[in-house]
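Here is a short note on the side-chain contacts, point by point. Please read it with the structure open.

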Amino acid sequence: MQYGLEDYQSTLEQYIKDIEAQLSQLSNINIGVDCCILTEFEQLQQIVSDAHNLTAIYYLQHYLSPFTNHFSSISLAGQTLSNKGHGGLIIIEREVDVTPFIHNGIQIDARVSQALIETIFYPGGPVHDGGTLIRGDIIISAGNILPLTNREVNGRVLGTRHRAALGLSELTDAVILVVSEESGRISFAYKGELFVVRP
């Protein structure tokens with residue numbers, strides 16, 4: 001689903017009201033052994049999760065849709081990779097040419113499709129560990145080596161895919177989608193920052 005700014009704002013405002021109402025309900029409960037509040041926390045967690053998902057979709061769409069018509073295919077491929085426990089590193093080029101910063105990729109030159117992205121990142125394949133470059137509606141290359149950042153994020157050392165995504169995002173305006181093979185977490189790097197799409 002695609003969200004315009006007004007749709008996003010009104011839906012997010014409703015989520016915030018629901019979060020405030022849930023927090024208010026929690027603060028009015030007399031906590032004790034006879035009162036279990038796990039259900040209330042579960043409901044709050046679900047509302048926050050839904051608001052987070054909405055926001056992630058909105059920003060990814062906002063950053064990508066001017067540069068590719070295949071935002072949905074890329075997003076769905078990321079979700080499928082996450083569900084299957086397959087890692088992924090997808091570079092969506094924007095205004096700055098990323099080719100001076102990436103190396104050793106294998107030319108693909110094919111239309112973007114969900115199935116092709118999933119095939120590229122199938123474990124054990126020849127290019128599944130590297131980054132896949134998308135320019136407009138074309139998958140240009142796969143198996144690319146990206147520059148690595150040396151930064152930590154929130155005090156934790158990042159894996160290679162996340163370091164590569166951040167490294168390239170520090171040098172260009174590309175959006176780099178990362179799917180963790182270990183946790184299934186989906187993140188994207190943009191302008192030197194790493195944002196979680198799906199915990």
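1. Arg135 is partly exposed, with a relative accessible area of 32%. Buried here means under 20% relative accessible area, exposed over 50%, and partly exposed in between (1.4 Å probe, protein chains only). This is a predicted model: local features need pLDDT of at least 70, side-chain atom pairs count only at pLDDT 80 or more, and totals for chains, interfaces and linings use all residues. Residues are numbered from 1 along each chain as its sequence is written, and side-chain values use heavy atoms, with hydrogens and water left out.

2. Which residue does Arg135 meet in a salt bridge? The partner is Asp97, at 3.5 Å, N to O. A salt bridge is a side-chain nitrogen of Lys or Arg within 4 Å of a carboxyl oxygen of Asp or Glu. The pair links distant parts of the chain, 38 residues apart: Arg135 is in strand β3 (residues 131-135), Asp97 in the loop between β1 and β2. Helices (H or I, at least four residues) and strands (E, at least two) are DSSP runs, numbered from the N terminus. Asp97 is partly exposed, at 38% relative accessibility. A network of salt bridges links Glu93, Asp97 and Arg135.

3. The whole structure holds six salt bridges. One of them joins Asp173 to Arg94, with the closest N and O atoms 4.0 Å apart. Asp173 lies in the loop between α5 (160-171) and β5 (175-179), and Arg94 in the loop between β1 (88-92) and β2 (106-111), so the pair ties together parts 79 residues apart in sequence. Asp173 is buried at 11%. Arg94 is buried too, at 17%.

4. Glu181 forms a salt bridge with Arg161; their closest N and O atoms are 3.3 Å apart. Glu181 sits in the loop between β5 and β6 and Arg161 in helix α5, so parts 20 residues apart in sequence are tied together. Are these two residues buried or partly exposed? Glu181 is partly exposed at 33%, whereas Arg161 is buried at 14%.

5. Now the rings. Rings of Phe, Tyr and Trp (its six-membered ring) pair if their centres lie within 6.5 Å; planes under 30 degrees apart count as stacked, over 60 as edge-to-face and the rest as tilted. The count comes to seven aromatic pairs. Tyr58 and Tyr59 form an edge-to-face pair, 5.4 Å centre to centre, with 75 degrees between the planes. Tyr58 is buried at 10%; Tyr59 is partly exposed at 34%.
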